[in-house]
Amino acid sequence: MHNHELDKGLEGHLVAGRLKPQEKDFMDEMTRNAVAPKNILSTLKERDPENKTSAKQVYNARHRYRVKMRASMTEMQHLCKKLDDNKYYYKYRTVVEDGVEHLQDIFFAHPRSINLLNSFHTVLMMDSTYKTSKYKMSLFEIVGFTSTERTFNVAFAWLSNEKEDNFIWALQQLRCLLRRETNLPKVILTDRDLALMNAIPAVFPEAAALVCRFHVKKNVRTKAAELVKVRDGEKVKAADMRERVCLSFEDVLDSSTEAEYTENVMAFRKLCERWPKFVRYVEETILDTDKEKLVSAWVDKYMHMGNHTTNRAESAHSVLKGYLTDGLGDLVKGWESMHRMLGNQFTQVQTKFGQSMSVYGHTYQKKTLYSTLMFKVSRLAMRYIHTESKRVEFTGMDSMKCGCRMRTNYGLPCACLIAKKLHHNRPIRLDEVYKHWKIICFQDEEVGGDVEDDYACTAEWQAIQVRERLRTADVSMKNEIRDQLRKIAYPTTTEVEPPTTNVKSKGAKKKKVVRGTRSTSRDKSRWEHVEEYFTETQASQSSKPSPSIPSHSRPSSSQ
């Protein structure tokens, strides 16, 4: 006996909502591509209006697929299998805690990224981002750019700490990716992370380690907002005065010669003589220590190709966060997001290469100057040369007027050389263009010949297996050799555990449990807090004197 009519709808009945075989295959494919469950469910409904599957059944199906993929493997075994199956170069090191071997740092690079690195190694940018996994490890990203100025990721490293030792280890792995000593980077750009700045010369002593101007300018603006004040009754507003001070500092950074640098520093000191604390901060923290890494008079001696900031690395962070669904996944989930991102990135790089090899620029047609360069250098290099040729009317063949910055900073013909070519009606030779701009395709790793001999390990293997090394070793050494060989031969059998999650246990236990945020967005920098505070203060119509910046808006100035 029922006191109501039976419901004619079948939603909620487990049997009616069971997925069909073809729907299971579709579900697995969508899960591999990180499609959101709500989008999977809506697509199932569109493909079959009679579908009765519920959201809970979609979540269950996704979970079963992930369990099936991992099977009996641990998280680290699963990650090593993924890296090994896709031919990644990877290396990790461990730390023993309570008798258990835990992951400390892991470095990995895609094989096509390694090929790009060995082609475009002149300038590299490095920076760390956060909230990419549940283990609270910083993700150290190394990026470069191609002859078409497409940014590509060289390698990734999850680091347990941002100390000098961690960065040195990661940079040593990066150096292992370079196939020749001539492929060492000439310029490396970082933010003002002291540990990373100290690690670079330890691994790449010949590279010029430059500092990101963007971070420095923001730090100076932040300090100016705190220290540059004006007296009551002055005609100049505080905001306008701070802007004048910051523009004067930027003039110091843009000084093209050492003499001009000295003049601009004197002008800056005179403008800021009322704020000695601010002047002391700028000189002691920036100019005295890093002027050779920031000011154009010194920076323009290197082939930086127009890169003065780590914006490319910051952009790479943003692109990666678009693929990460949340910041609470494990290492396998994070790697899968990076792998999908790299696949699309390589397609974009190849597209730009194809345009340089097939599209003929009308600007360069029937001009002797460019006749030997068409389809042999990137279109971007042609554009740089064309822009530089417009300076010929001013410089002529005088190298003093030219300055030859294009040749020094970009490796391309400068105005005075172009003037000579035009005067004699000669084309620009290919050997007058730096090799970076002449690579317009993926250069795969060479196979055969001397390269194979370089990678042969027959002598080392014979030394272990045949000679006295293994036969005369004691039992503990034999076990050590066997364990090391097993790690190489069977990477998926590793017994390493994931890193331990750092749990804040200071103080009494809180009644309210705060869950980890799922957001992958970075925390605000110090300068963002300060700008926000002063924007709100200036917008306020209160007649009360401006209070000092609240303590919660004063994060550490690590950037």
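How are α6 and α7 oriented to each other? They are oblique, a label for angles that are not under 35 degrees (roughly parallel), over 145 (roughly antiparallel) or 65 to 115 (roughly perpendicular). We'll get to that pair after a look around.

**Before you click**

The model is predicted, so local features need pLDDT of at least 70 and side-chain atom pairs count only at pLDDT 80 or more, while totals for chains, interfaces and linings use all residues. Residues are numbered from 1 along each chain as its sequence is written, and side-chain values use heavy atoms, with hydrogens and water left out.

**The whole chain**

Show the protein chain as a cartoon: there are 24 helices and seven strands. Both are DSSP runs numbered from the N terminus, helices being H or I of at least four residues and strands E of at least two. Of the 559 residues, 44% are buried, meaning under 20% relative accessible area, with exposed over 50% and partly exposed in between (1.4 Å probe, protein chains only).

**The sheet**

Now select the seven strands. They make an open, mixed sheet in the order β1-β2-β5-β4-β3-β6-β7; two strands pair if DSSP finds at least two bridges between them. At the edges you'll find β1 (89-97) and β7 (208-211), each with a single partner strand, so one side of each has no neighbour in the sheet. From one strand to the next, the twist averages 20°.

- β1 with β2 (residues 100-109): an antiparallel pair with nine bridges. Pick V95 and you'll see H102 as its bridge partner in β2.
- β2 with β5: antiparallel again, joined by four bridges. Here F107 sits opposite A157 in β5.
- β5 with β4: eight bridges, also antiparallel. V143 has N153 of β5 as its bridge partner.

Stay on the β4 and β5 hairpin, which has five residues between the strands, and click E149: its phi is positive, near 60°. Then colour β5 by accessibility. Eight of its nine residues are buried, so the rest of the structure largely encloses this strand.

Axes here are lines fitted to C-alpha atoms, for helices over the stretch in contact, and angles run from 0 to 180 degrees between N-to-C directions.

Next, bring in α7 (residues 194-203). Its axis comes within 8 Å of that of α6, and the two cross at roughly 40°. To see the contact (heavy atoms within 4.5 Å), show side chains including F167, I168 and L171 of α6 and L196, A199 and I200 of α7. By class, this contact has nine nonpolar, two polar and two charged residues. Nonpolar covers Ala, Val, Leu, Ile, Met, Phe, Trp, Tyr, Cys and Pro, charged covers Asp, Glu, Lys and Arg, and the others, Gly among them, are polar.

**Helices α13 and α14**

Jump to α13 (residues 311-323) and α14 (residues 331-358), whose axes come within 9 Å and cross at roughly 115°. V319, L320 and Y323 of α13 meet S337, M338, R340, M341 and N344 of α14.

**Last stop: K38**

Finish in α2 (residues 37-47), where K38 is found. With 66% relative accessibility, K38 is exposed.
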